[in-house]
Amino acid sequence: MAIPIILASGSRYRRQLLESAGVDFTVLKPELDERAVEATLEGTGATSEDVALILAEAKATAVSEARPGALVIGSDQTLSLGDELFHKPDDMEGARRHLLKLSGKTHLLNSAVVLARNGEAIWRHVSVARMTMRALDPGFIGRHLAEVGDAALTSVGAYQVEGRGIQLFEKIDGDHFTIVGLPLLPLLAKLRDLGAIDG
C-alpha cells in the first residue's frame, strides 16, 4: 500500500515542483505563526540555516501529528545578508528597501526541507544558494517593482528568479530548486529510500 505524502505548505511554487516531478501528494497548510517561532530563537545564536530548519520542522511535525502514518514534507526558506535575516516585505516600500540593501551584494538563500511521521522529524536537509545581485540604480528598482507588482511581496527577497527577477542578478551559485524554496533532488532521493515513491 502506498505511503500517503502530504506537503505542509501553502506555497504554489513548492506544489508545482512536486507536481512536475510526478509525486502523488496532498496539500495541508499548517496553522503556524512563523514570526512567533522565530521570536523564541532570538538571542540563542541560531543561524539563518537553523531558523529555516526549525520552521520547516515545525510545519512538518504539526501536520504529521494530525495525519498518523503519512510522510509529511515541511519546507522553509530564509534569506540572510551577513547577520541580517530578511522576511517577506509588507508593502512595496518594504520591497524597495529590500532591493536597495541587496544591491551589489551577495546574499544567501537557505532552503530547508524536513520529513516527519507521527509527529516526529525523521529527516532534515538544508541547501544553500549564493545570490549575487548586480548594483541596481534606484530608478530601475522603482520601475522593476512597478512592472512585477504584488508578486514582489510573495518572496523574502522581493524577487522571483523564474520571472523578471532574474534581471537583478550578476551571478548565482546554487540549483533552481533551492532558489525556489524546496531542495527537490535530496528530497526525492529520501522519498525513494523510504519506499514512498518508485525508485
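Colleague: Where is the place of N118?

Modeller: N118 lies in the loop between β5 and β6. Strands here are DSSP runs of E with at least two residues, helices are runs of H or I with at least four, and both are numbered from the N terminus. The model is a predicted one, in which local features need pLDDT of at least 70, side-chain atom pairs count only at pLDDT 80 or more, and totals for chains, interfaces and linings use all residues. Residues are numbered from 1 along each chain as its sequence is written, and side-chain values use heavy atoms, with hydrogens and water left out.

Colleague: Why is N118 called partly exposed?

Modeller: Buried means under 20% relative accessible area and exposed means over 50%, with partly exposed in between (1.4 Å probe, protein chains only). N118 has a relative accessible area of 48%, and is therefore partly exposed. Its phi is near 55°, a positive value in a residue other than glycine. The hairpin of β5 and β6 has two residues between the strands.

Colleague: How do you know that β5 and β6 pair, and in which sense?

Modeller: Two strands pair if DSSP finds at least two bridges between them. Strand β5 (residues 106-117) and strand β6 (residues 120-133) have 12 bridges, in the antiparallel sense. Within this pairing, L109 has A129 of β6 as its bridge partner. β6 also pairs with strand β7 (residues 169-173), in the antiparallel sense over four bridges. There, M133 stands opposite F169 in β7.

Colleague: Is A158 buried or exposed?

Modeller: A158 has a relative accessible area of 1%, so this residue is buried. A158 is found in the loop between α5 (138-148) and β7. Its phi is positive, near 65°, in a residue other than glycine.

Colleague: What puts the buried residues of α4 on the same side of the helix?

Modeller: In helix α4 (residues 92-102), the buried residues are G94, A95, H98, L99 and L102. They cover an arc of only 135° around the axis, and therefore lie on the same side of α4. The arc is that of the directions from the helix axis to the C-beta atoms. These buried residues pack against β3 (71-81), β4 (84-86), β5, β6 and α5.

Colleague: Which residue caps the N-terminal end of α4?

Modeller: D91 does, with a side-chain oxygen 3.3 Å from the backbone nitrogen of E93. After α4 comes G104, whose phi is positive, near 75°.

Colleague: Why is H144 counted as buried?

Modeller: H144 has 3% relative accessibility, so the residue counts as buried. H144 is found in helix α5. Not counting residues up to four places away in sequence, H144 touches L99, R164, G165 and L168, where contact means heavy atoms within 4.5 Å.

Colleague: Which residue does the UniProt annotation "active site" cover?

Modeller: The annotation, from an unreviewed UniProt entry, covers D76. UniProt positions are given in the numbering used here, feature names are shortened, and annotations may be inferred rather than shown by experiment. D76 is in strand β3 and has a relative accessible area of 5%, so D76 is buried. Among the residues that D76 touches, not counting those up to four places away in sequence, are R14, E34, K59 and N110.

Colleague: What makes the side chain of D76 a polar contact of the side chain of K59?

Modeller: A polar contact is a pair of N or O atoms within 3.5 Å; within protein, one must be able to donate a hydrogen and the other to accept it, and residues adjacent in sequence count only if both atoms are side-chain atoms. The side chains of D76 and K59 make such a contact at 2.8 Å.
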